[in-house]
Amino acid sequence: MIVMSRTGRRTTQGRMYAAISTSIVALLLTTGCHKKSKAPLPSTAPAAMAQAPTVTLAADPVAIDVGQSVTLTWRTTNANTVSIDGIGSVDPNGNQTVMPSTSTNFHITATGDGGSAEANVRVTVRVPQPQSSGSSSNLNDMGTDAAFHAAVKDVFFDYDSYDLRPDAQSNASQAATYLNAHPAIKVVVGGYCDERGSAEYNLALGENRANAAKQALVSAGVSAGRIRVVSYGKEKQFCTEAAESCYQQNRRGQFNLDR
Amino acid sequence: MAVMRLHQTPLRRWPVFAGALLLACSAAFIPATFCAQDTVFTGTNKGADRIRIAPANFHAQSGDAVGLKQVFDSVLESDLKNAGVFDVVSKSMEPRAEPSAPGDINLAAWAGGNTNASYVAFGNFGITGGKVMVNAYVFDTHNAQYPQVIGKQYVDAASEEAARTIAHRFADEIILRLGGGIPGIAETKIYYVRAGGGTKEIWTMEYDGANPHAVTHLGTVALSPRVSPDNSRIAFSALGKDGFQIRVFSLLLDRMVNFNSAGGTNISPAWSPNGQLAWSSSRSGDPEIYVADASGNGARRVTSFRGPDSSPTWNPKTGSQIAWISGRSSLPQVYTMEADGTGVQRMTDGGYATSVSWSPNGQFLAFAWNRKYGPGAPGGQDIYVMEVATKKWIQLTNGMGQCDFPTWSPDGRHIAFAVGSGVRGQIWSMLADGTEKHKLVAGDMPNWSFR
């Protein structure tokens, strides 16, 4: 589209936006008291004389079995902020012990006045392969869904809560007994919420519910690497009646075979 | 009218009387809507009027231009009505004339009688060689010597979409010029979730509900669309085999682009004005707010407290504060903090508060609040606006169903929100004082573009 202006220019008027900061509600509520304005985030443009940062990242050992831990060690120079994906901001130099459940690329970014630098290290996690079939059905047989659900019962939660109730504790310990006897089984825990409340918040709450159920199994001796959690919030309703009996069925941590 | 008062009143004076008005309103909570009447707009209670403007029917330069011209006329009229700053003259009150050019208009006829317009928008609409050419003017009816306020020419393809776009641009020009220097929103878009067939996809539409169409076709449950400040990307969360993860769709490339989530459930993205993303990630086992670049790199955790943390929104004015929803003290509440996680403040004092959105001027938070939440409790979830500095609030919806996901228009004069959810959800729009509510489309989780 071609637009030709024959009158004043928009830019002058545009600046008035910030100056006036008008809105209809502004007039209703304003007391003239602004929240303290902070300067914008610092520019990432390198300063003229700043030294470029350097970064190294090492892992010891670089290959482990599931359940073992690795020490990450990093060194940086000329860096103001340093972060490792999955861990977050860290000191410029340091080390941390991690326990990845699958092979993982650790990625570090160091940012300073002179720019940014990155480094990677790969940690290989050896996942034990099932024994050859025949020796023990437990070791490579995940069994049937029916057998699983007979022994591993869902756990239910109170309204807007992710604390395990006594009945959920007992379901979880019964489930753990079964899972400890069937080491080939991997489990996915789904976190669900009832239809009330807001969809975004319920996804976070469902995550807390699924993690609470997972933690109960871990406390009862099931390896954390066998359990995956997925929050469904209120996106996958088991039932849709607007009644407490239905809400209760939706507020649950549901165990399934993770095939 | 508010804006006109601002123009005419020294700026340093208005906070005083507006503050007095606020106290008057909050001292008696019930008449919040009453307070939202005339006194709200003027701050003086002296009845300053909105600018009265008459959109004349444009003159079609040829017979084949009539159809598109009528689209143009109706979109222009609708945009001016939606702006919230005009008293738009009904077409039935206008003179029977289609002034085509400055020489054709009889200003006295528009200034007097039932028309009584302060300004008149008019012009001509022609099609030549497959192109639309529109010459558009705004005249001040009370300035006979130099009446022209705006004169613009627009050229575009001869299509209905282009006719709508030209009308939007001309409306925005008028709003900018007469509405206090704040750019209009007629060219803005709203992104939202559309449910159907067991899936939820990201859709988009024009700000007035026109031209709704799908952006994603992922065949899964996609939630929480947020368009980037430069309108180049949409971040959202979508259900995959590892649960909900942040996904980013490039509107420029028309395809998904990479985002590094690094484990856990990742939901509710929010763009800062300089293009960073904040979102909720449970990579640590507990949902917390993280901030990273637009690809998810360099993620840093900014909250650290047991319990759900979700739905961040940046202060679009400063880019240095985040409001979000936290369940750290049981039921979810609105909190604010600096973007580095310091200075945490709880904003709501109880009930169930979710889906916070920070106003473009940085002064207000809009959110959904059920103030008496609990099994069997009366009342519903409605849209509220709170002033950040004082924590004083007003209720903007009442009795129209479960309201959620308020989102501010870039001019701060409008709020879109969802009523109901899922396949029964509807998206509504209103002025930011709660007036002039109207339904736009079927949908959920609206997000208004930054510009």
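Author: What follows is a set of questions and answers on this predicted model.

Reader: What makes the pair of B:Phe122 and B:Phe139 edge-to-face?

Author: The angle between the planes of B:Phe122 and B:Phe139 is 85°, and planes over 60 degrees apart count as edge-to-face, so the pair receives that name. The centres are 5.0 Å apart, which is set against a limit of 6.5 Å for a pair. B:Phe122 lies in strand E4 of chain B and B:Phe139 in strand E5 of chain B, so the pair ties together parts that are 17 residues apart in sequence.

Reader: How do you know whether B:Phe122 and B:Phe139 are buried or exposed?

Author: Buried means under 20% relative accessible area. B:Phe122 has 0% and is therefore buried, and B:Phe139, at 4%, counts as buried as well.

Reader: Why is the pair of B:Trp324 and B:Tyr335 called tilted?

Author: The planes of B:Trp324 and B:Tyr335 make an angle of 35°, whereas stacked needs under 30 degrees and edge-to-face over 60, so the remaining word, tilted, applies. Their centres are 5.6 Å apart. B:Trp324 belongs to strand E19 of chain B and B:Tyr335 to strand E20 of chain B, eleven residues apart, and both residues are buried.

Reader: How do you know that strand E19 and strand E20 of chain B pair?

Author: Two strands pair if there are at least two bridges between them, and strand E19 (residues 321–326) and strand E20 (residues 333–338) of chain B have six bridges, in the antiparallel sense. Within this pairing, B:Trp324 stands opposite B:Tyr335.

Reader: What makes strand E18 and strand E21 of chain B edge strands?

Author: The open sheet has four strands in the order E18-E19-E20-E21 of chain B, and strand E18 (309–314) and strand E21 (345–346) each pair on one side only. Helix H6 (residues 199–219) of chain A packs on this sheet, where the helix touches E18 and E19 of chain B.

Terms used
Residues numbered from 1 in each chain as written. Chains lettered and ligands numbered in written order. Predicted model: local features only at pLDDT ≥ 70, side-chain atom pairs only at ≥ 80, totals over all residues. Heavy atoms only, no water. Helix = DSSP H or I, 4+ residues; strand = E, 2+ residues; numbered from the N terminus. Contact = heavy atoms within 4.5 Å. Axes fitted to C-alpha atoms, helices over the stretch in contact; angles between N-to-C directions. Phe/Tyr/Trp six-rings, centres within 6.5 Å; stacked < 30°, edge-to-face > 60°. Buried < 20%, exposed > 50% of the residue type's maximum accessible area, 1.4 Å probe, protein only.
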